[in-house]
Amino acid sequence: MADPQAFILVNTRLQAVPHAPQISLWLADEITPIWRMTEEELGEIGLPPPFWAFAWSGGQGLARYLLDHPDEVAGRSVIDFATGSGLVGIAAMMAGATSVLGADIDPFCGAAVALNAEANGIDMAFTDRDLLDAPPPPVDVICAGDVCYEKPMTERVLAWLGAARANGTRVLIGDPHRTYFPKSGLELLAEYQVPTTRELEDLAIKRSSVWALP
């Protein structure tokens, strides 16, 4: 891919995040066209959805929570796991985190995070390494939004996050009560009614919650 930032700028537009309007992101308006163009750009068929091109409801809820509760991340190092657009990481930096590392294996995410961080006047690091392939790194807080959409992925991520919590890391999870999200064993911190789109979800307003691993 010659210029992923140019691809993003041509195929998205800068717009405020509905549930965290102080943050603006380069986002697509419809999922099917950007999905098809992503496959054409990479020369691959059957790719996962372009998560980086949308503000998903779990991430919106988690971003809102960090902005409203800056004490969770202020003065701390943060990993935004499966960062996508970088929304949660940007919120963490705005809330006073000393550093944020966004992590995602999607080949467009590095460019998306760089553009979105610049648009919001913050510095945010990025890695395309699959952090699940190694023990969780020593960090103060790990945030994970919208990671429970597939059963195998959910089980793998929750096991990794559990190992991080056992090492003393604060773990915050944002999710709109998807099918594979665990029904017990978490501490509920906040619940929001998050505007989204029928392009992405089954409802225009999703109940999205923020939990901590106890």
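This is a predicted model: local features need pLDDT of at least 70, side-chain atom pairs count only at pLDDT 80 or more; totals for chains, interfaces and linings use all residues.
Visitor: Let's start with T154. Where is T154 found?
Guide: T154 is in helix 6, which covers residues 151–166.

Visitor: Buried or exposed?
Guide: Buried. T154 has a relative accessibility of 3%, and the cut-off for buried is under 20%.

Visitor: What lies 2.7 Å from a polar atom of the T154 side chain?
Guide: That's the backbone oxygen of E150.

Visitor: And which residues is T154 in contact with, leaving aside neighbours within four places in sequence?
Guide: V147, C148, Y149 and Y180.

Visitor: Which residues of helix 6 are buried?
Guide: T154, V157, W160, L161 and A164. They cover an arc of only 140° around the axis, so they sit on the same side of helix 6.

Visitor: What's on the face turned away from that buried side?
Guide: That face of helix 6 carries the exposed residues P152, A159 and A166.

Visitor: So what covers the buried residues of helix 6?
Guide: The cover includes strand 3 (77–81), strand 6 (141–145) and strand 7 (170–175).

Visitor: How about R165, is that one buried, partly exposed or exposed?
Guide: R165 is also in helix 6, and with a relative accessible area of 27% it is partly exposed. Not counting residues up to four places away in sequence, R165 touches R170, V171, L213 and P214.

Visitor: How far is R165 from D140?
Guide: Their C-alpha atoms are separated by 9.8 Å, and the two residues are 25 apart along the chain.

Visitor: Switching to strands. In what sense do strand 3 and strand 4 pair?
Guide: Parallel, over 5 bridges, with strand 4 running through residues 99–103. One of the bridge pairs is F81 with A103 in strand 4.

Visitor: What do those two strands make with helix 4?
Guide: A right-handed β-α-β unit, where helix 4 is residues 87–94.

Visitor: And how do strand 4 and strand 5 pair?
Guide: In the parallel sense, over 3 bridges, with strand 5 at residues 125–127. L101 stands opposite A125 there. Strand 4, helix 5 (residues 109–119) and strand 5 make a right-handed β-α-β unit as well.

Visitor: What about strand 1 and strand 2, parallel or antiparallel?
Guide: Antiparallel. Strand 1 (residues 13–17) and strand 2 (residues 20–27) pair over 5 bridges, and a hairpin joins them through 2 residues. A16 has S24 in strand 2 as its bridge partner.

Visitor: Last topic, backbone angles. What is the phi of D146?
Guide: Near 60°, a positive value in a residue other than glycine. Most residues other than glycine have a negative phi. D146 is in the loop between strand 6 and helix 6, and at 12% relative accessibility it counts as buried.

Visitor: And what is the phi of H177?
Guide: Positive, about 60°, although H177 is not a glycine. H177 is in the loop between strand 7 and strand 8 (187–195), and at 32% relative accessibility it counts as partly exposed.

Notes:
Residues are numbered from 1 along each chain as its sequence is written. Side-chain values use heavy atoms; hydrogens and water are left out. Helices (H or I, at least four residues) and strands (E, at least two) are DSSP runs, numbered from the N terminus. Buried means under 20% relative accessible area, exposed over 50%, partly exposed in between (1.4 Å probe, protein chains only). A polar contact is a pair of N or O atoms within 3.5 Å; within protein, one must be able to donate a hydrogen and the other to accept it, and residues adjacent in sequence count only if both atoms are side-chain atoms. Contact means heavy atoms within 4.5 Å. The arc is that of the directions from the helix axis to the C-beta atoms. Two strands pair if DSSP finds at least two bridges between them. A crossover is right-handed if, with the strands pointing away from the viewer, the path from the first strand over the helix to the second runs clockwise.
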